[in-house]
Amino acid sequence: MGGETHQTVKPKSSYPVRSAHPVGQWIPDIYKSRIAQFYAGGQYEHNNLRAMMNEGVTSGSPHVKLSVWHAPDLTRPTFKEATKHEFEETRVGESFGPSWSTHWFKIQLTVPLELRKKELLEFHWDANNEGMVWTEDGNPLQGLTGGGDRTEWILPESFRDGKEHTFYIEMACNGMFGNADGDSIQPPNPNKYYQLSKADIVAVNPEARQLWIDIWVIGDAAREFPADSWEQHKAMKVANEIINAFELGNQDSIIKGRKIAQEYLGKNVSSSKVYETGTKPIVYGIGQCHIDTCWLWPWAETKRKVARSWSNQCDLMDRYPEHRFAVSQAQQYKWLKQYYPYVFNRVKDKVKKGTFQPVGGSWVEHDTNLPSGESLVRQFVYGQRFFESNFGERCRTFWLPDTFGYSSQLPQLCRLAGMTRFFTQKLSWNNINKFPHTTFNWVSLDGSQVICHMAPAETYTAEANFGDVRRSVTQHKSMDQDETSLLVFGKGDGGGGPTWQHLEKLRRCRGMSDTVGLLPRVHMGNSVEDFFDSLEKRISEGLDLVTWYGELYFELHRGTYTTQANNKRNNRKSEIMLRDIELLASLASIKGNYKYPKKDIDDMWEAVLLCQFHDCLPGSSIEMCYDDSDELYAKVFETGERILKELQETLGVRAVENPKTKERLAALNTMPWHRRDIISLGNGQAGVACGEGNLLNIKTFKIAETPEVTAKEVKDGVFVLQNDQLRVEVDGGCITSLYDRVAEREVIPKGGKANQFVIFDDKPLYWQAWDVEVFHLDSRKVLSSGATKVVQSDAHQVSVMTETKISDKSWVKTCISLSAAFKGQQSYVEMHSEVEWREDKKFLKVEFPVDVRNTEASYETQFGIVRRPTHYNTTWDMAKFEVCCHKFADLSEHGYGVSILNDSKYGFATCGNLMRLSLLRAPKAPDAHADMGRHNIRWAILPHQGDLGSTTVRTAFNFNNPLKLVQAPKNLDASAFSSPIKVTGNTSLVLDTVKRGEDDEDVSRGELMKRKGKSIILRIYESLGGTSKGTIETTLDVKKVWKTNILEDDGEVVNFKDGKVDITLKPFEVATYRLQL
């Protein structure tokens, strides 16, 4: 007891007594640099891993026979058309072109005996341009990219029988990013030729290929993990052990290297089992193939890009069960359905299985700055209806990764379209301020909100590298609230989507996270909706995300508000035309036997929505795209004019051929309020149109003893235009005084010149068509004008005209006009300019200094108003040196203000009290001829008493919707001059849209279930930012009224009594009502 000692046997040490040899410390930079050398090309590629990637290669006859047919005149014939022709023999080394041409190749392939039993056989084709593999019987199988990227097609097992097999490759003579030489955003070279450099049967060594991915990702860890982490040192050690184990020509050394890699990556990285560990991921990988619907290539090429890219993804889904692929843009799905039904059916099958995931809910990934409010609505209406009718479900997430700023009303419209989530990332491109959030609640003008997530990897075309996964945490700005994120990966812009390399790399990243840690754990197999569902669940459990109110202003690409002026004009005019047609056709189809032209309207809308794609409407595409859009707009206008002519006939009126006719004259009106406008009858004569129906009576403009408007030259070169409300002094083409006679107030500050043309040097840092940089303001140059003369002196209107020389090649002729004023209706000064524009990297603007003071100016946006700073207090304020507006911009102080109206412009700036309308730019890339030629532009100065109000809103609408003179029979029924639907009450309420119900049984085209009877859809919005009450009044035989969403799903029943519906709208609310007849 006690005191005993027990002998313990100590293990015998194997530590040697004497040092056997010197051992040095690894030099990290050297050993890290060695890793990439092991699998890279260059001087060691015949000695390193690359030398064992293939087990055999065969090319040339008799195993690979090539023949070709050249499609004529840049046509893109179908498979059936192409394969009717005789094919001529060709070979590797030949060149094909020119740019945009198509060449069809017949490949007759016989696998040689020595390769038939190899594990993986591929056909490798590289002509440095895009292509599509077709079966002998005409099914498109897979796209090819070229230039070393996506050049392989896995040969079917049936090709191993020793017989000759035939397939086709359709070659498109353009690269993934078009046909520019060098810098991809330069104008395309029309004479580019492409050399076929490879057409081989290749037996791939699968284990060597897998080891390549292993050491690629481990090498990334060695290079990018912190130098003070054991994980970085372990990666460097494992990678070097793999290299040391390698023996050229010894397959066992490849197997050994893979086993060593397991120490760092785990055992399951060669299959989807790697994701089945049950450990919690925080990064969710989503495959994406952003295909610009046009950009550096035309629409016709996009149709092929879609088929090439999406067929690739269907193939990858068969090989990688974890692969989930999210795709937006209903237009692209429709093209696929029309032109590639075989691929569309493959896609439909994958959608059913949940691997191919429609997202976005819109017709295209559209610009959100420039389209009208109703256009934004229709993007969702046409998009969601397509997805629902073809795939059985609507989208729940708005997907818009690559648009140049985001309208403040998008959250409201998303919610009204059935979407509660929004994905983007473009604000990561801001070049002044860093956007502060990753995941947040984005709040609209009316208070509606959506969950917004911006991928912290800050790209929608991630290469699925180690660094992309790591940046999903290191650049995550909302980690204190939610640490999860989406990693959106795949080749994009020009299409392509994820590759097998991307999917293999992500398997390694997951294996690494579960084996050694430190790297954020990435997961594959979940959908975009799964990611947002998880966020919504956390919000329901108390997570309170940060908020961002109002627009997501993009601090880059501000030039897109102005570039390609004609395209923007066509957009504005087509939006107005469609509004007119829907209003008049709706009423005509209810009153009589007129058939609502739903197909024509759908075709017009789909064309307009297509042209609103985020590289088309903003002006950042190549010239071919604008040739296409001009052609499409011409068709829209042709169809629209035909329908309007038919509608005039149903109204009992017709266009005026001779203003001197003795028949009754009337004015066709589509505005929803009382109007009193002067309308020209030609030959200096005018009438006064007055009323609130679709037809307005015209009364003679009475010439008073004292002229109601005058123009006089008061001294040499100085003219005064005056009516009962305004006195305008014009000197040297500029307005040096604008005196409000009613308010007894001068609008122009002393020494100021309004309607002053100024020009700026416009050489942005890189993106010519896209950007205007803040430094362009330093180059301001005033343009001097020539002599002014009176060109109109009628009783109803006077005008003076001045010509301004811009350069030896360019000029502008401007008419300043003033019309007779009506008591109780605010008068304005109107300008019309004809511009011959032949400049190089210049920016033309017109300025309006006003004697008004406010730290904020107001700009019309979709269904509302955005207020922005007029100062540069902070970098956030200064970043808004150029902003977007729609029909007007306004600067008001308490009790008084000035609005600038326009008929087709979107770029504006207000700096202090200087208002500036952007007119024309002259970038030379990617369209070398952007905006060159003749332009006609209208704008107006509207001074007003009181704050910004309905005077400006309604006058801007009227300015963009001039009355149309028509002839009407004298016995035309009085009901033609009254409106069967109107909104009364608060003047801030705007009845913006009147249309038929999409699914009315007499209108529906059968995509979705029909509704019995007829209905009228009304879209009303509150325009000024205050709760507003009003009444819908109608003489139609209405049975019931619902408030609906923008997709026309019935919501609450609204009380309807005695032809009236009382309504209350919240500030900037967009409300839709369905009147069942």
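Which side chain meets that of R421 in a salt bridge?

Mentor: The partner is D533: the side chains of R421 and D533 meet in a salt bridge, with 2.4 Å from N to O. The model is a predicted one, in which local features need pLDDT of at least 70 and side-chain atom pairs count only at pLDDT 80 or more, while totals for chains, interfaces and linings use all residues. Residues are numbered from 1 along each chain as its sequence is written, and side-chain values use heavy atoms, with hydrogens and water left out.

A salt bridge here is a side-chain nitrogen of Lys or Arg within 4 Å of a carboxyl oxygen of Asp or Glu. In general, side chains of opposite charge can pair when their charged atoms come close. R421 belongs to strand β17 and D533 to helix α13 (residues 528-540), so the pair links distant parts of the chain, 112 residues apart; helices (H or I, at least four residues) and strands (E, at least two) are DSSP runs, numbered from the N terminus. R421 counts as buried, at 0% relative accessibility, whereas D533 is partly exposed, with a relative accessible area of 29%. Buried means under 20% relative accessible area, exposed over 50%, and partly exposed in between (1.4 Å probe, protein chains only).

W429 and W767 form a tilted aromatic pair, 5.8 Å centre to centre with 35° between the planes. Rings of Phe, Tyr and Trp (its six-membered ring) pair if their centres lie within 6.5 Å; planes under 30 degrees apart count as stacked, over 60 as edge-to-face and the rest as tilted. W429 is partly exposed, at a relative accessible area of 30%.

A further aromatic pair joins F225 and F466: the ring centres are 4.9 Å apart and the planes stand at 80°, so the pair is edge-to-face. F225 lies in the loop between α3 (206-224) and α4 (230-245), and F466 in helix α11 (residues 466-474), so parts 241 residues apart in sequence are tied together. Both F225 and F466 are buried.

For the whole structure, the search finds 80 salt bridges, and the count of aromatic pairs comes to 52.
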